[in-house]
Amino acid sequence: MKINLKDILGSVGGNISLEEDFPIEEIEIQSRKVLFPHPPRVKVTLTNTQDDILVQGTIRGEAELACTRCLEPFRWEIMREIIETYAKKELNLEENSVLDISQEIYQHLVLSIPMQSVCQKECQGLCPGCGKNLNSGKCDCKEEAIDPRWEKLRQYLEN
Ligand SMILES: [Zn+2]
Ligand SMILES: [Zn+2]
């Protein structure tokens, strides 16, 4: 995502706003595949401050990821605030007035995906015995007999 700053470079306090789709279809985070069914929408305002170019805005969109409990894909809503500053003296603006913020947008997208994410709060996950998705009903595995002394601990761990 490239933005030409030439209209605001002349005036401190000057700003430009724009809204664009960020062209991305999938990313891989720690070998987990994350799909974007449609490109996330980026809305930013760039302001020329004394020493920096300040970028403020939001990314909104949807990602499709696998539930960490039952592995079924589900939709995750992305809504992330962006605040970035670029030091003017590091941008070499005399030669090139175009600022590319793609790298930072990409990083924000990665950070907007939670490490642990379940398709629903009550997701039952997979049976450790047969691997059946317990959201679609009980399996035929016998429940292991539980020592009553451990029952309290089990309840505690489930909460
Ligand atoms: Zn699930
Ligand atoms: Zn089972």
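Leaving aside neighbours within four places in sequence, with which residues is leucine 18 in contact? Counting two residues as in contact if their C-beta atoms, placed from the backbone, lie within 7 Å, leucine 18 is in contact with Ile3 and Val44.

## Model and confidence

This is a predicted model, in which local features need a pLDDT of at least 70 and side-chain atom pairs count only at pLDDT 80 or more, while totals for chains, interfaces and linings use all residues. Residues are numbered from 1 along each chain as its sequence is written, and chains are lettered from A and ligands numbered from 1 in the order in which they are written.

The pLDDT, which is the predictor's confidence in each residue on a scale from 0 to 100, averages 90 over the protein chain, and 94% of the residues score at least 70. Confidence is highest in strand β5 (residues 41-48), at a mean of 98, and lowest in helix α4 (residues 148-158), at a mean of 70.

## Two domains

The domain assignment divides the protein chain into domain 1 (2-122) and domain 2 (124-159), with bounds of this kind coming from an automatic or database assignment. The centres of the two domains, taken over C-alpha atoms, are separated by 41 Å. Their contact takes 4 residues from domain 1 and 4 residues from domain 2. On the side of domain 1 that touches domain 2, the residues divide into 2 nonpolar, no polar and 2 charged; here Ala, Val, Leu, Ile, Met, Phe, Trp, Tyr, Cys and Pro count as nonpolar, Asp, Glu, Lys and Arg as charged, and the others, Gly among them, as polar.

## The nonpolar core

The largest nonpolar core has 8 residues in all, namely Leu5, Val42, Val44, Leu46, Ile53, Ile101, Ile105 and Leu109. Such a core is a set of buried Ala, Val, Leu, Ile, Met, Phe, Trp, Tyr and Cys residues joined through C-beta atoms within 7 Å. A residue is buried if 20 or more other C-beta atoms lie within 10 Å of its own, exposed if 12 or fewer do, and partly exposed in between, with C-beta atoms placed from the backbone. The elements that give two or more residues to this core are β5 and α3, and the largest share, 3 residues, comes from β5. In soluble globular proteins, nonpolar side chains tend to be buried together.

Isoleucine 105, one of the core residues, has its place in helix α3 (residues 102-111), and it counts as buried because it has 23 C-beta neighbours inside 10 Å. Beyond its neighbours within four places in sequence, isoleucine 105 is in contact with Met1, Phe22, Val42 and Ile59. Leucine 5, likewise listed in the core, touches Leu46, Ile53, Leu93, Ser97 and Leu99, not counting residues up to four places away in sequence.

Leucine 18 is found in strand β2 (residues 15-21) and counts as exposed, because it has 12 C-beta neighbours inside 10 Å. The C-alpha atoms of leucine 18 and isoleucine 3, which are 15 residues apart along the chain, are separated by 8.8 Å.

Threonine 45 lies in strand β5 and is partly exposed, because 13 other C-beta atoms lie within 10 Å. Its contacts, not counting residues up to four places away in sequence, are with Asn15, Ser17, Gln56 and Gly57.

## A hairpin and its turn

Strand β3 (residues 26-29) and strand β4 (residues 32-35) run antiparallel and are joined by 4 bridges, where at least two DSSP bridges are required for two strands to pair. Glutamate 26 stands opposite leucine 35 in β4, and isoleucine 29 has arginine 32 as its bridge partner in β4. The two strands, β3 and β4, form a hairpin with 2 residues between them, and glutamine 30 in the turn has a positive phi of about 45°.

## Positive phi in two loops

Most residues other than glycine have a negative phi. Leucine 71, in the loop between β6 (52-66) and β7 (73-87), has a positive phi near 70°, and leucine 71 counts as exposed because it has 12 C-beta neighbours inside 10 Å. Asparagine 92, in the loop between α2 (88-91) and β8 (98-100), has a positive phi near 55°, and asparagine 92 is exposed because 9 other C-beta atoms lie within 10 Å.
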